[in-house]
Amino acid sequence: MSKIVKVLLLAFLAFSQMACSYINSTDNLDNQVDKLLAQMTLDEKIGQLVQKNGDHPNLDKMIEEGGIGSVLNQVNPDEVLRIQRLAVEESRLGIPLLIARDVIHGFRTILPIPLAQAASWNLTLVEEGARVAATEAASQGVRWSFAPMIDLTRDPRWGRIAEGFGEDPLLNGEFGAAVVRGFQGDSLSNPTSIAACPKHFAAYGWAEGGRDYNTANISESDLYDIVLPPFIKVFEAGAATTMTAFNEINGIPATGHAPLLRDLLRNKWNFQGVVVSDWESVTQMEVHGYTQNPKQSALKAMQATVDMEMASTAYETHLKELIADGKIEEKDIDDAVKRILRLKFELGLFDNPYAHTAEFPELLNPKHLNVAKTMAQESAVLLKNSNRVLPLSDDIKTLVVIGPLADAPHDQLGTWIFDGRKEDAITPLQSLKAMAKEKGIELKYHRALETSRSKNIIGKQAILNDVRRADLVLLFLGEESILSGESHSLANIDLQGAQMELVEMVATVGKPVVATILAGRPVTFERVEPMLDAVLYAWHPGTMAGPAIADLLFGVVSPSGKLPVTFPRHVGQIPIYYNHKRTGKPASNQTWERLDDIPVEAPQLSIGNTSHYLDYGFEPMYPFGYGLSYSSFQISEVKIEGSKLSVGDKLIVSALLTNTGDHEAAEVVQVYTHQLVGSRTRPVKELRAFQKVLLSPDDSAHIKFSINTNDLGFHNPAMEYVVEPGQYHIWVGNSSEHGIQLSFEIIN
Ligand code: BGC
């Protein structure tokens with residue numbers, strides 16, 4: 001460093017210390033926050049509670065006046081630097097901005113969508129992916145991501161199913177916590193760390209009919225036993241912030257829901273972090289019909305302890321008046337400001353407000369791309385593999401690849417990819433071509449449909465000619481990225497457009513047909529499933545879809561994903577989920593009265609019936625936890641230590657997993673329990689633990705699970721969390737439907 005630069009730097013540091021008399025690194029955080037708060041005017045305090053989009057017309061002026069605490073959606077590093085300078089160097093107190101962004105599944109290196117990540121059942125890998133995302137985002141000055149989304153849902157019509165971790169509370173909690181760890185690293189103050197924001201608090205995934213933003217009518221027991229437990233996990237993992245939701249919950253909009261936000265989150269769970277509203281969800285309380293005007297909306301949100309208002313203007317316009325009216329106290333605002341300032345201190349923003357982009361690893365570097373590729377491989381689920389048609393055999397000399405999604409660099413990235421670029425994406429077609437060339441395979445490609453939604457098949461004759469000449473057909477089916485995501489719900493989740501006709505047309509030739517499906521949700525395709533020899537469900541796999549899928553199809557790696565969500569056979573079966581109740585008349589294959597078997601004018605009886613659909617029965621297309629491998633596995637020697645346990649004891653379960661096939665592959669061993677009788681009826685199965693284990697052929701591994709019996713409880717009719725004495729079943733297996741069953745008892 002030249003002398004001149006050094007002198008300038010020292011002078012600047014001296015100046016900034018002078019300006020920021022509240023910074024004293026030997027003080028504890030609370031003192032620093034208090035000292036700063038003591039210097040703030042009421043306007044400056046309210047300013048910290050304001051979050052504006054990067055393109056706000058008055059952005060600069062508001063920042064200079066201390067009127068903004070956080071800016072979202074500005075990720076151009078030069079612009080970020082410029083506005084951060086305005087805040088730090090031009091505003092009276094020099095309080096840095098918190099730059100926020102939806103970094104949902106990667107920043108520039110796009111990872112598979114979160115639903116796919118859950119299908120990997122690999123927590124370490126997902127944590128690594130979140131670290132990659134954090135490092136890339138932080139390099140541009142972003143220090144707060146609005147993720148993970150842990151809105152558990154049982155409805156694949158809901159477009160945002162893509163953005164969460166599926167239907168199970170344990171998976172949502174564990175994967176949410178993995179993302180929190182990955183984002184926040186060892187310390188928030190590390191310049192590569194970003195604050196996590198698990199969202200949306202709460203029950204957003206319970207939207208009636210799967211229509212986005214719709215009302216959540218939810219029982220207290222489902223709220224407390226299914227929807228909220230993942231939030232406990234992410235807060236235990238140290239999540240610094242959370243976001244409210246757009247929906248109402250049983251009549252009260254989530255953003256003004258004092259019982260949930262103030263009483264439960266703050267007072268009972270002691271959450272000290274920042275609560276931000278969703279985009280304009282404060283003022284939307286008026287649209288819900290819950291408040292009369294923005295002033296009342298500001299009051300409701302404040303009373304619910306929402307610290308920061310995203311985008312709308314109720315706080316900046318009305319908080320002062322609300323104090324003057326005696327509706328809120330300045331102390332309420334102080335509390336919110338303190339939480340925000342504390343986070344800024346924790347992130348080290350006062351000491352180090354500017355991102356030094358050049359000092360970070362490059363965007364899209366090979367290490368990051370490799371994590372994205374591994375994740376795309378591990379998240380693909382092999383749903384069907386008749387006659388072991390996959391992996392592609394060495395005898396194949398001619399391949400025909402068909403379908404628009406084989407070569408759709410934008411769509412393979414999935415929803416929520418603000419900073420991803422299709423130019424970075426490698427498509428399956430590109431990778432398959434490269435691999436075919438290496439192996440001397442002749443490869444033909446037909447797009448067949450303009451997009452996944454097109455109703456006309458282009459070039460039918462040419463397609464059929466090439467299929468006739470081919471040894472095998474690789475179909476790429478599914479949905480474009482725009483068909484899932486926020487406000488992109490579907491009432492019909494069948495394969496779109498003429499895709500089913502395409503399958504039927506190709507299948508008439510009689511060549512083996514392998515379908516790779518790229519989608520943001522479970523799609524239904526029962527009609528054509530029998531025509532497909534193999535189905536690889538790849539979700540929206542991200543930047544590295546191509547290399548990942550080519551490796552999977554050619555058997556360089558074996559698929560190892562398992563479904564994090566139940567696949568319906570028909571949209572009308574929704575909600576269909578594995579952890580359902582038994583009912584008083586459970587169905588079985590023997591009791592399913594089939595539509596086609598019902599005689600004309602048959603007498604209708606009320607005796608001997610069971611809970612099913614005449615046309616679609618009671619079973620899903622593919623169950624939760626299901627997924628095949630190129631290898632085969634055996635689970636044996638399943639044991640539990642002690643068959644009578646007291647509450648608080650550890651339930652120790654062990655098993656031997658053996659790779660009995662001829663491929664190196666990973667299997668996910670899953671543990672489920674069922675409490676036979678409860679003071680409230682219990683789900684038929686609940687996932688309690690899982691482990692993913694990679695084994696070479698003929699190798700075995702002893703697997704041990706330690707399950708805390710305290711975690712086996714639920715909220716009883718008095719809404720107390722209880723672990724009840726009684727009989728339990730336990731299964732150790734490789735899906736929610738296949739496992740070895742044992743029993744144990746919880747005693748008083
Ligand atoms: C979404 C949030 C998101 C926010 C900011 C909203 O529409 O619901 O999840 O974080 O926009 O982009």
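Reply: Start with one unit. Strand β11, helix α17 (residues 428–439) and strand β12 make a right-handed β-α-β unit. Right-handed has a set sense here: with the strands pointing away from the viewer, the path from the first strand over the helix to the second runs clockwise. Helices (H or I, at least four residues) and strands (E, at least two) are DSSP runs, numbered from the N terminus.

A word on the source. This is a predicted model, in which local features need pLDDT of at least 70, side-chain atom pairs count only at pLDDT 80 or more, and totals for chains, interfaces and linings use all residues. Residues are numbered from 1 along each chain as its sequence is written, and side-chain values use heavy atoms, with hydrogens and water left out.

Now the two strands of the unit. β11 covers residues 398–402 and β12 covers residues 442–446. They pair in the parallel sense, over 5 bridges. Two strands count as paired if DSSP finds at least two bridges between them. Look at Val400: Lys444 in β12 stands opposite.

β11 has another partner. It pairs with strand β13 (residues 472–478), again in the parallel sense, over 4 bridges. Here Leu399 faces Leu472 of β13. In general, strands of a sheet pair through backbone hydrogen bonds, either parallel or antiparallel.

Step back to the whole sheet. It is open and has 6 strands, in the order β10-β15-β14-β13-β11-β12. The pairing is mixed. At the edges stand β10 (381–385) and β12, each pairing on one side only. On average, neighbouring strands of this sheet are turned by 15° against each other, direction ignored. Axes are lines fitted to C-alpha atoms, for helices over the stretch in contact, and angles run from 0 to 180 degrees between N-to-C directions.

Helix α19 (residues 499–507) touches β11, β13 and β14 (513–518). Its direction makes about 170° with that of β13. Contact means heavy atoms within 4.5 Å. Helix α20 (residues 545–554) lies across β11, β13, β14 and β15 (534–537). α20 runs at about 150° to β14.

Last, the setting. The protein is divided into domain 1 (201–215 + 227–269 + 276–324), domain 2 (372–553) and domain 3 (633–747). These bounds come from an automatic or database domain assignment. The C-alpha centres of domain 1 and domain 3 lie 36 Å apart.
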